[in-house]
Every structure is written in C-alpha cells, then in structure tokens.
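This note is meant for a colleague who is meeting the structure for the first time. Please read the numbered points with the sequence and the model side by side.

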2 protein chains.
Amino acid sequence: MTCPLGARTRRYEGRSGTTVQRALHLHPPHLNSQNAAMKFCSECGNKVVQRVPPGDHLPRFVCDACGTIHYQNPKIVVGCVPEHEGRILLCKRAIEPRLGFWTVPAGFMENGETLQQGAARECHEEAMARVEIGSLLSLVTVIGAHQVHAFFRARLLEPTYGPGPESLEVKLVTPEEIPWKDIAFQSTVFTLQRYLEDRAAGRENHYFATLERGTPRPLAS
Amino acid sequence: MTCPLGARTRRYEGRSGTTVQRALHLHPPHLNSQNAAMKFCSECGNKVVQRVPPGDHLPRFVCDACGTIHYQNPKIVVGCVPEHEGRILLCKRAIEPRLGFWTVPAGFMENGETLQQGAARECHEEAMARVEIGSLLSLVTVIGAHQVHAFFRARLLEPTYGPGPESLEVKLVTPEEIPWKDIAFQSTVFTLQRYLEDRAAGRENHYFATLERGTPRPLAS
C-alpha cells in the first residue's frame, strides 16, 4: 500500500462534513474506499446512524441494532527523504491523486510495523530502494485529510533504485533540481525545505506543521 | 474519548490473528467496539472476506458484493507529562483496562485536531487541567495493539486539576513518589523514565520505543 497521500482529502472535499477513512490507490474509487461516511454496521450489517453517544462529545457512527459505536481516527502516513551522495531520491507518481507530480517515498503505515519500518517499506515499494532510516524530520497534521505524516531522514544503502508499481519515474536530484512547482503534496514541500535548511546548517532537528489540506491547490473533482 | 490505552491489546489477545480497531471505554465491550475482525461491509452491508487484493501484499477485509476493500491501520494515542513546580500530574484510571492503575493523561487522537491539541484535550478531559504543550518526548509503537503513542512535555497553566469521568483520582507527585509498579502501561513507564532522565540532565530529547504489547503483563480475560 504505497503513497496514497492526499487521496482522502480529495474525496473529503466531495463530501463536506463526512469522514473518509482510507485513501484510494490502484483501484477505482468506488471499489476501494473504506468510506468514513459509514452506511452499515461492520459487526451486524444493519444500517448505522450518526449521533453523539452517551458520555462522548463527538458524533460517531452508531448501530442501533447491535449497539456498536464505530470510531474514526487519523491515519499515519510514513515517509523518508532518501539521500545518496548529496542528492535526494524523488518519485513521480503513477497514480491519482496528483498523478505525474513528484514526491518522496511515503504511504500509509501498516499494522505490525514501526514508523521507521513503514518508512523503509514504502521506499522499497515505491522506489525499489533500500534505505537506512535516520532521525525524525517532520510531523505534519493534515487536518482535512485526517492524517498525520511522519517523515525521517534516510540514506540509500546502495545506489540502486527504480520505479515501483505506483511510480512513473524515480531519480536522484540535487537541491537545485527539485521541481518545487511539481511536488505533489504540501507536507512534502514543508519536509524537503526543512531538510535542506538543516543540512545546510549542519543540524538534524524535527519540525511540526499543521496543514488544512494535503494538496497545494483544489483538485478538480 | 479518553485514555483507552491498551484496550485493543486486551481484546486482541482474546482473538488471535484478528485486528481490533478501536478500544473500549465506558461501555460494555459488545456495545462499543469497532472490531477489526470485520464481519460486514460498511458500504453495502454484505458479508466480507479476508483476502490479499490484487496489487497488494497484505490480507484485507474485502466485500465481494460491492468490491470495497477495507483497510485497517494503526491508531494514534496522544498524551503528555504535565509538570507543575517540579511535580508530575498522574491519573488513577476509573475504567478498564488497567482500572486502578496510574497513568499520565493520554487517549486516542481525534479527527480535526493536531497531535498537540489532542494531548492537551486529553489532559483536560482526564485530569481537568489546562496545559501548555511543550516539546516531543516519545514516539512508541505498540505492535500488538496497532497503536503509535506520541507523548509531549507539558506545563500546567494553573495548579487546578481533578478527576474527569475516566479517572478515580488525580494528583501531583514528585519523581520519588511515582508508583512505578502501579503504572498502567509500558509506554507510560518508558516515557516517564526518559522524561526524568532528560530533566536531570537539563535536556529535551525525543525517544523512540517499540513494544510488543501495551501492558506490563498479560491481563486476565
């Protein structure tokens, strides 16, 4: 499951006030979403309603048939900035959202892995590159997408890379070659900027950001 | 939604091989779980099966009726170590799991808030205390619980606190008074230890840990 950053934002915009659970990737939207505008109870199959449960303060999807309360919470996206001899590994996206735009390897964290393992896995899946994950670089909350993005510094273990199934192209670029106007997601722009500033200053800090949405501008829907 | 840390672990143990989506709190288990052993499709209400979808590498809950793939990912728990004049604010849990054990204020991050806002909200809900959130203290992956815990340093804005609905007791303790054997969760132990070490050394680093489970020992189920 690689690099569906921003997908939830896109669908979120089309359904104001609803929550979109899961990004879409590789499959058509109607075949691949755990749509947070939940319709049926996953425990018993009956219809759910949205309501603030007793003792709670936020509306949840509730099943009146079996009494189950279905909570929805932010998802974690893990990624890294892989470096090799001063250059940075970027991927050109082969899938929507932001097909044809550039990003660093990143995607949804899976159950059963650490943040660092997830970041390394995504790099291997999207850029066919093996990395050593380094220090924490950024933690970005994307409010509208219900996501938290965690990026790490990373080092290529060998200069071997190439496009995985969700990438059109993968290349090492110098800081001057970064296609800033064609970066897919705002969290990537923020992260790359902090990375380069820190590298120039010889430090490895971590940075927080809050974004309302994941993409630089509204997507046509 | 406050401090259900570890609840998913508890249920997870009772259902080997399944995934538990959501902790239980305040309500009986059968009335309050988004059980990750999903049975019915939340899009169309038909039964789901578990299978590796085409192009994927992990089993997911899939609906053959409407084609929806339901992803399940780690949840984020946010918390803080609130300090006031050298003492630390602890809460005695009024709910399972780990009822009667001590913890720092923490709970599941909600959609629409940042990590820091969530940590401050949980402190207000559980300890009726207002805090200023400080630097990142720890990021703990709890593998078996499908959770990532993010803890921050914090400072009480005024020495006002008390038990919220999910706490039996809230108190400020000196480092010597911390009831180490009665701390509810391993991530809290790790976090408090690093906090005190850093404070003694006059630094504010952040720390990573990976835990297989959230609680110090198996819970009777």
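1. Is Ile183(B) buried or exposed? The model is a predicted one, and in it Ile183(B) has a relative accessible area of 1%. Ile183(B) is therefore buried, since that class takes in residues under 20%. The residue belongs to the loop that runs between strand E10 (167-173) and helix H3 (186-201) of chain B. Its C-alpha atom is 8.8 Å from that of Arg98(B), although 85 residues separate the two along the chain.

2. Thr141(A) is part of strand E8, residues 131-142 of that chain, and has a relative accessible area of 4%, so it counts as buried.

3. The domain division of chain A should be noted. Domain 1 covers 35-71, and domain 2 covers 75-211. Between the C-alpha centres of these two domains of chain A there is a distance of 35 Å.

4. The cysteines deserve a careful reading. A disulfide is a covalent bond between the sulfur atoms of two cysteines. Cys44(A) is accordingly in none, and the nearest cysteine sulfur to it, that of Cys63(A), is 3.5 Å away. In chain B, the closest cysteine sulfur to that of Cys44(B) belongs to Cys63(B), at 3.5 Å; this is too far for a bond, because the two sulfur atoms would have to be within 2.5 Å.

5. Cys44(A) has a relative accessibility of 23% and so counts as partly exposed. Cys44(B) is also partly exposed, with a relative accessible area of 23%.

6. Finally, chain B contains an open sheet of three strands, in the order E1-E2-E3, with antiparallel pairing. Strand E1 (48-51) and strand E3 (69-70) of chain B are the edge strands, each pairing on one side only. Strands of a sheet pair through backbone hydrogen bonds, either parallel or antiparallel. How many bridges join E1(B) and E2(B)? There are four, and they link E1(B) in the antiparallel sense to strand E2, residues 60-63 of chain B. Within E2(B), Arg60(B) is the residue that stands opposite Arg51(B).

Methods. Residues numbered from 1 in each chain as written. Chains lettered and ligands numbered in written order. Predicted model: local features only at pLDDT ≥ 70, side-chain atom pairs only at ≥ 80, totals over all residues. Heavy atoms only, no water. Domains from an automatic or database assignment. Buried < 20%, exposed > 50% of the residue type's maximum accessible area, 1.4 Å probe, protein only. Pairing = 2+ DSSP bridges. Helix = DSSP H or I, 4+ residues; strand = E, 2+ residues; numbered from the N terminus.
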